[in-house]
Amino acid sequence: MITYITRRLLLLPITLFFIVLVNFIIINLAPGDPTTVSEITQEGATRQADRSMAFGSDFRYLQFREFYGLTLPIVLNLWPYTSAATVKQILWQLAHRKQSEKAPEMSVKDYDALRISFGDRSRFILPLLLGVIEDPKTDEKTRIMAVKFFIRGGTMQAYLGPNLSDEEKSYNRKVAKENQLLSTLQILPTDTPEDQTKKISALSKWYHENKEYYEFVPSAAKKTGMIFTDTRFFRYMSRVLRLDFGTMRNDANKTVVNEVTRRFKYSLTLSVLPMIMTFFLCQLFGFLMAYFRNRPPDFSLNVLFLVLYAVPIFVVAPFLIEKIALHYTFPFTNAPIPLSGFTSPESIYSKETSLQRLLDIAQHIFLPLLAIMYGSLAAQTRLSRTAVLEVLHQDYVRTARAKGLSTLEILFKHVGRNAGITIVTSIAGSLGVILGGSLIVEILFEIDGFGKFFYDAVVNRDYNVILFSTLAGSFLTLLGYLMADLAYTALDPRVTLE
Amino acid sequence: MFWKTVWKRFYAHRLGRWAFFVVILFCLVGIYAPFLASSKPIFVVYDGECDFPLFRYLFYRGFYTKPLDIFFNLLMFTFPAFVLCGLFLKESRRRVGFLFCSLVQIALFLYFIFFPLRDPAANIYSPGNWTEEVHKMGPYQRLNVVLRYTLRKKEHEALLPYAEKYASTMKQAGLNPSLPTLWEVAREHEESEIQNLQSQHSESAQAKLKYILDRRQWLEEQSHNLRFLIMPLISWFHWEDDAGGQQALNHYIPTWYLTRINRKDLTSALIFGVRTSLTVGILSVGLALLIGIPIGAFAGFYGGKFDIVVSRLLEIWEAMPVLFMLLMVVAILQNKSIFLVTLVIGVFGWTSFSRYVRGEFFKQRSLSYVEACHALGFKNRYIMFKHIMPNAVAPILTLLPFAIMGAITSEAGLSFLGLGEEGSSSWGVLMDEGRTAFPDESYLLWPPAILLTILLVAIALVGDSLRDTLDPKLQR
């Protein structure tokens, strides 16, 4: 038993690793450039953001890319080894929109791809870029292009998040000042040649001042290390292993982990409570159906549950809101059925006694629970029927009957426990499905839980939240499986799971 | 022989049988949707000449902008061929027939995608003189103009009984009391233009006025030349086209006249929505089968270390909550195409098939007939797919309807959350439109919801009967 659990627990991280890997692959497929991202809005409209150079605009998306290292090569980083000739060539291509002197103009797609990849690379080749800028032989177009990329490469990312150390804060201040300076040094079309030379000399001054500090020219050992450490995979994995999932899109003082876990209590109530209730109810119905086997009650219940199983949750939830909650009160009382939220507004809720609070919550989650539960109840009841029927045919049930036990005793003691084994496993394993269901219910009933948080993140493109939530959801599902196995062994001593 | 008994036993289930017919009905509606809802008549006699306007547009990508629709429009013609092959050919010939039909279908589909047709009623140069313009038009272009005029008029007349009530409410609110139909809007526009032109005396204004009056008179005359107008049976609108109408009007008219938020016809969108649901269901489950069966088969047949690794992978893959993954993929890839959704559903849905196939192969591989095969010196792969596979079909088949159901639900759910393909007629998208105005305008939510529920319930009932049929042990 203990060996089994340890083995299981050892498998958990491996599984999580794979899930992280899948996430990694998916975010690597993300569109490469913040300015070409089409926005997903709540209205479902696609707005193509303006095509501008990749150096400004959607700052937050660039931050996300830096945070997970998406501006780096995937597994091996050979960018610091770029030769001066290559830099010159690419800059020329970008400045003239041509592959070579005689080639036709590049397509927008090719041009963008080159621009983005070179923009990402610029951080590692600042000295070379400066060489190109200061080289008097470079033509004007190429020089302007080189300055743009120099500024892109020189723009550093500040530390984000709460509880920054003084050191980090002072670094942030320095970076902010320098970024400000660099952005003013961008060469504009209106600039006279004198302005240009002034700006270029300022750039070169900035470079020589900070050369040591940022290690623009790394030592050979460092350069070799960078091949492996400055990659997407390394950066991403080291973040995940430190459980550093970044901060919220809108508020750098809130960490994603905190915000998500804070909302777990609502979602867990909405998924664990239905699981427990489903267990008892489906046993009950399972007994009923097995008892009336192949007679009208069994048949009609069977069809009813099949239909319930098929009806999607996003049809039932609006139905409950519109046809029930808006027109009826709770039976035998005048209390209206609340439409949204997990509790009453804070102003009322904080004044209530504990008992009132409990009642308040019960009233609020009555319909959401119903909406989440009906589907799994239907599925589990049909399973329960089969399980009960199977047990009823066992020899020990016949023996129990023969020795004169009452029907109730047989049902509870002998049949119930054995049939329960199957049900518990199946219910615990369905945690993932229930989480998905509670996501829709939370959105429709406006409960500020994990699911709604995730959905809002999806709509607002808060990538940090999306990544962490998926991981957390998978983790919970895994826990469900683990619980299922444990329950299986606990309930059925015959099973050793070795 | 086996399939005949299965069919017989399945047919004995009354509920399952009816559900099966319902599913078939939905499929037929999906395939023949243009005959049920389109703004082009199926058959018309104009000036003594017959024409089939709808057929001119079936493969034109300006009219059916989604590749999905072109595919189904082709299927309208190949589907009977498939059925005939199934009914009248035997054994290997039937297989050849099916293969041929599918090849034709795919080849034509690719042809229409890569070599788009031209607009059958392309706009022509307008000389500013109506008689001359009519003269320059081809016979079909003329017919097209007349048809549009007549149909709009008819639509307007159909809505007239509800006009009074609408006008009185609108007047109270101080809004425009005339019906917001296309015909009425065009007429009002024309009237104002005529008035405007009459007050001017310049030559160009007079010419323009003459043009408008001529056109009006000509259209009125010609509309009497239309005979034997056979329209699509249910709705007279193309689902992608503006059908006029307004949210406010929706409160006064019966369900089948309702317009969506974007002023498109609801009924025709509902009919074309069947196509999306069916495609997602079938394609994604097909993909899941394609991945799941080989993996399960190899794991079950060879067992040992390979099996252990595969089982772990299955476990890992199953631990990913599908809806979360779907949302994440759509959000991060910034791509809402229906095929991406199908792909993701398929990629996350193969595990259950694998599990069943693996279990079945595990059971079968130690049976004596497999041993006999080994003794005869057959290759492993041959034994697996020629001898064991047919015995493992039953559990897959019972799982199939429920998998399709799950896929359709996932797609609709995703669209319902506002992440479906834009401008698609998926029922989920239609429900999402109803949700944004919920609960005031929930009349837009329920028609797609009810249709979706009927389809899902029917599939579930089929699945249940199929399970009873194929797994007689459960009956007891």
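B:Trp317 is found in helix α13 of chain B. Helices are DSSP runs of H or I with at least four residues, strands are runs of E with at least two, and both are numbered from the N terminus. This is a predicted model: local features need pLDDT of at least 70, side-chain atom pairs count only at pLDDT 80 or more, and totals for chains, interfaces and linings use all residues. Residues are numbered from 1 along each chain as its sequence is written, while chains are lettered from A and ligands numbered from 1 in the order in which they are written.

Why is B:Trp317 partly exposed? B:Trp317 has 18 other C-beta atoms within 10 Å, so it counts as partly exposed. A buried residue has 20 or more such atoms within 10 Å of its own C-beta, an exposed one 12 or fewer, and a partly exposed one falls in between, with C-beta atoms placed from the backbone. B:Lys363 is 46 residues from B:Trp317 along the chain, and their C-alpha atoms are separated by 24 Å.

## Chain B as a whole

Chain B has 20 helices and three strands. Its C-alpha atoms fill a box of roughly 100 × 50 × 45 Å along the principal axes. Of its 476 residues, 39% count as buried.

Helix α10 (residues 182-199) of chain B has 18 residues. From first C-alpha to last it reaches 26 Å, close to the 26 Å expected at 1.5 Å a residue. That expected span is 1.5 Å times one less than the number of residues. B:Leu182, B:Trp183, B:Glu184 and B:Leu197 are buried in α10(B). Their cover includes α8 (139-159) and α11 (203-222) of chain B.

Helix α17 (residues 368-375) of chain B is hardly covered. Among its eight residues, the count of buried ones is zero. B:Gly377 follows α17(B), and its phi is positive, near 85 degrees.

## Where the chains meet

In the model, 40 residues of chain B are in contact with 47 residues of chain A. Contact means that two C-beta atoms, placed from the backbone, lie within 7 Å. On the chain B side, α13 (304-318), α14 (322-333), α18 (380-419) and α20 (446-470) each supply at least two residues. The largest share, ten residues, comes from α14(B).

This side of chain B has 29 nonpolar, six polar and five charged residues. Ala, Val, Leu, Ile, Met, Phe, Trp, Tyr, Cys and Pro count as nonpolar, Asp, Glu, Lys and Arg as charged, and the others, Gly among them, as polar.

## Confidence in chain A

pLDDT is the predictor's confidence in each residue, from 0 to 100. Chain A averages 79, and 91% of its residues score at least 70. Confidence in chain A is highest in helix α12 (residues 296-310), at 90, and lowest in strand β2 (residues 46-48), at a mean of 37. Over residues 33-58 of chain A the pLDDT is below 50, and this stretch has 48 contacts in the model beyond near neighbours in sequence. Where pLDDT is low, the predicted coordinates should not be read in detail.
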